[in-house]
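Dear colleague,

Here is the structure I said I would pass on. My notes on it follow below.

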Amino acid sequence: MGGSDREAVAGARAGDTEAFRTLVDRYSHKVFRLGYRMTSNEHDAEDVVQETFLRAYRALDQFESRADFGTWIFRIAANAALDLMRKRQRHEESRSPLDPGGSEDSPELPSADPTPERLMFSAEVSDKVSRALAGLSAVERTAFVLRHYEGMSIEEIGGVLELKESATKNTIFRAVQKLRRELAPFVSCQEAQ
Amino acid sequence: MQHVTEEQLVHYRYGDVEEADRRVIDEHLRACASCRESLGVLEGVLAAVDAVPVPERGERYSEEVWQRLAPRLAARPQAPRTSGWAAIFRPAEWLRVRPWAVAGVMAALVVAAFLLGRFWPRPPAQVARSPQGAQTPAPAAVRDRILLVAVGDHLERSQMVLVELENARGTGPVDISAERDRAEDLVAANRLYRQTAARAGEAGVANVLDELERVLVEVAHSPSEISPAQLEELRHRIEAQGILFKVRIIDSQVKQRERTSAEKAGRGDT
């Protein structure tokens, strides 16, 4: 952990809210990206950001100074997103990651431009990928996002999900397997075009 | 020639294989066009996943986050005491030792807290005041909230396992090792909660926890891979008992009580 993170945590523990603000400045973008990757929804991702820093603030006394703050905050963010997804699951809310009508929750899609690069980012590709990600369970999605996007170790992910190493690896494999089954035919077609 | 399995390929791609295995896979991929193609498809899928854009946040985003967050930051909570409940209830130490043992240890605390709350009269609420003059909740109220949060947490974790099983799919053997591991960790805690609820006369809660425990035990004792027929049987059992619905009802009630308790604490009520 960098010296500045350590100093900011120490200051925040002592009651210096500006010190905690330093940590918010440093990690808010990353936490938003993680929240969005897990929930596929901007509003939910914003909620994850708020909830993450609130929980972190309340739990500062439990943070071990020799640990890495970034890893710790991602762990909190992953749990916050997981809680949100579980709540969504329980209430059986159906939120489409992409609204074809173009709601404010949808990521912006590029204009129709026939270059290969634009095709890659087409609405169809995004839709396929988002549906495939939505088909993962909350646990699978968490494990995949933390491994693939955040590069967290198996041990760290196991800590977040409270799974043993073999179960964590298996969860990641199941997630990738599902994505592959959904997207492989589509990826092959894209390459053939 | 023995090909690389799909699972090995995924772990290889993420660098989650032992060095000796990595060398073997490297060598095989050099010689096997079919496995190279499989790896190529996997890379293509992951590249497609990477290509989905994340909405950009502006330069002032962290400032906006802070503006929303700052009013919600209460005065720093007091440092944990080194005696009494707080000395026992320090999650950081448990997590360092064995994360999955937290459930069992918390359950033991919950039992003690539950029994104390039910069978010993509480002293009149004594509301402490911080140096700023704000009220802080009495110890008994804090214990109640700890109890309710612990039970709610256990029910949420149990629901996760049930939902995962209900959503599991497969035409071949289905891997439920993750759910099995979690069920195993939940059984001991559930047993304590069930026994405590029964002793406290909470027959409805005890009955639901009893049904839940039977399902958790069955899952915990299952092999890591089960056939589609076995999965269907397990799923049918969960659905036939309506166990998920019952657990959700109890969880909802516990959360409501926890919120009520928190609100009372915030007002300085008992």
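This is a predicted model: local features need pLDDT of at least 70, side-chain atom pairs count only at pLDDT 80 or more; totals for chains, interfaces and linings use all residues.

Leaving aside neighbours within four places in sequence, A:A77 is in contact with A:V31, A:L34, A:G35, A:V48 and A:T52.

Next, the contact between the chains. On the chain B side 46 residues take part, and they are in contact with 55 residues of chain A. The elements of chain B that give two or more residues to its side are α1 (6–13), α3 (33–51), α4 (61–69), α6 (91–97), α8 (139–167) and α9 (177–199). Of the side of chain B that touches chain A, α3(B) supplies the largest share, with 8 residues. By residue class, that side of chain B divides into 29 nonpolar, 12 charged and 5 polar.

One residue to look at here is B:R57, which sits in the loop between α3 and α4 of chain B. Once neighbours within four places in sequence are left aside, B:R57 is in contact with A:H29 and A:F32.

As for chain A as a whole, there are 9 helices and 0 strands, so the pattern along the sequence reads α-α-α-α-α-α-α-α-α. Of the 193 residues in chain A, 41% are buried. Among the contacts in chain A with a separation of 6 or more, 64% are between residues 24 or more positions apart.

Finally, helix α8 of chain A (residues 154–161). Why can α8(A) be called largely enclosed by the rest of the structure? Because 6 of its 8 residues are buried. The buried residues of α8(A) are A:I154, A:E156, A:I157, A:G158, A:V160 and A:L161; a glutamate, A:E156, is one of them. Just after α8(A) comes A:E162, with a positive phi of about 55 degrees.

Regards

Note on methods. Residues are numbered from 1 along each chain as its sequence is written. Chains are lettered from A and ligands numbered from 1 in the order in which they are written. Helices (H or I, at least four residues) and strands (E, at least two) are DSSP runs, numbered from the N terminus. A residue is buried if 20 or more other C-beta atoms lie within 10 Å of its own, exposed if 12 or fewer, and partly exposed in between; C-beta atoms are placed from the backbone. Two residues are in contact if their C-beta atoms, placed from the backbone, lie within 7 Å. Ala, Val, Leu, Ile, Met, Phe, Trp, Tyr, Cys and Pro count as nonpolar, Asp, Glu, Lys and Arg as charged, and the others, Gly among them, as polar.
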